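Q: I have a structure on my screen and want to learn how to read it. Can you take me through it feature by feature?

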Amino acid sequence: MTGSIQNRDAFLGTIATQLGREPMKKIEKPIWKHQPQRAVLADASIDELLGVLRVQCEQIHTDIVETTKESLPVALDEVVKAYGGGPLSLWRDERFGKYGLSHLVETKWPSEQIEVNSWDPSLGEKNIELAEQANIGITFSDMTLAESGTVVLFSSAEKGRSVSLLPTHYIALIPKSTLVPRITQASDMIREKLNNGEQVPSCINFITGPSNSADIEMNLVVGVHGPIKATYIVIDDC
């Protein structure tokens, strides 16, 4: 999305006046003396991060399956069948082909009368309706936070956020190489993209297991706002 900022200087000038000072012409980013957020899991290996993710999945009521790239089609098929099959809502994502899932998605599931709907920008609002009717939503994770068990999803025209939000069940395909310690590293990566002038999605979703709420008297209720069950499938790609 592109656009322009209107009346910014006047707006900031009004705020500065109310604060009793002149508007700042240049802002220097502070160098913080203490940055404890960078010490968490700082020296952890990728396998140690996976161990942290396993433990965290227990805390967030999320099943975790570990598999190889070669065994991924079988592992994904088993989880889909365990959740009761289709209809399925998927991102239109080239990684389904890269990770050997094309036959499963395009041939095997349809031959078993499992309805598969990949996000199609030309369908417009119909995509949301299909996602709402889906039994399972399946996406890849772009970054995965070991500390909190959070998958980070970059939306796009072919990767609608409804796929992870509206179906009854959710499956996240997590390449092991996407594991990072925590949100600090994810924020750094997003900032680096901005600094490099790269296009950053207008919507970035941080999803930690199934939908949870404890708004009413601190009683945990699962599935209020979205999927009632979730499975992370970690793919050993490194």
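A: Start with Pro 87, which sits in the loop between α3 (72-82) and β2 (88-90). Helices (H or I, at least four residues) and strands (E, at least two) are DSSP runs, numbered from the N terminus. Note that this is a predicted model: local features need pLDDT of at least 70, side-chain atom pairs count only at pLDDT 80 or more, and totals for chains, interfaces and linings use all residues. Residues are numbered from 1 along each chain as its sequence is written, and side-chain values use heavy atoms, with hydrogens and water left out.

Q: What kind of peptide bond joins Gly 86 and Pro 87?
A: Most residues other than glycine have a negative phi, and most peptide bonds are trans. Here the bond between Gly 86 and Pro 87 is cis, with omega about 0°.

Q: In what order do the six strands of the open sheet run?
A: Read a sheet by its pairing: two strands pair if DSSP finds at least two bridges between them. The order here is β1-β12-β7-β4-β2-β3, and the pairing is parallel. β1 (63-68) and β3 (116-118) are the edge strands, each pairing on one side only. Neighbouring strands of this sheet are turned by 20° against each other on average, direction ignored. Such angles run from 0 to 180 degrees between N-to-C directions, and the axes are lines fitted to C-alpha atoms, for helices over the stretch in contact.

Q: How many bridges join β7 and β12?
A: Seven, in the parallel sense. Pro 175 stands opposite Ile 235 in β12. β1 and β12 pair in the parallel sense over six bridges, and Glu 66 stands opposite Val 234 in β12. β4 (residues 136-140) and β7 (residues 169-175) pair in the parallel sense over five bridges. There, Ile 136 stands opposite His 169 in β7.

Q: Is β12 mostly covered or mostly open?
A: In a regular strand the side chains alternate between the two faces of the sheet. β12 is mostly covered: six of its eight residues are buried. Helix α2 (residues 46-59) lies across β1 and β12 (229-236), running at about 150° to β1.

Q: Where does helix α8 pack?
A: Four strands form an open sheet in the order β8-β5-β6-β9, with mixed pairing. The edge strands, each pairing on one side only, are β8 (179-180) and β9 (204-207). Helix α8 (residues 183-195) packs on this sheet, touching β5, β6 (150-154), β8 and β9. Contact means heavy atoms within 4.5 Å. The direction of α8 makes about 155° with that of β5. β5 (residues 143-145) runs parallel to β8, joined by two bridges.

Q: How many salt bridges does the structure hold?
A: A salt bridge is a side-chain nitrogen of Lys or Arg within 4 Å of a carboxyl oxygen of Asp or Glu. The structure holds 16. In one of them, Asp 77 meets Lys 108 at 3.2 Å, N to O. The pair links distant parts of the chain, with Asp 77 in helix α3 and Lys 108 in helix α5, 31 residues apart. Asp 77 is buried, because its relative accessible area is 11%. Lys 108 counts as partly exposed because its relative accessibility is 27%. Asp 77, Lys 81, Lys 108 and Glu 112 are linked in a network of salt bridges.

How values were computed
Buried < 20%, exposed > 50% of the residue type's maximum accessible area, 1.4 Å probe, protein only.
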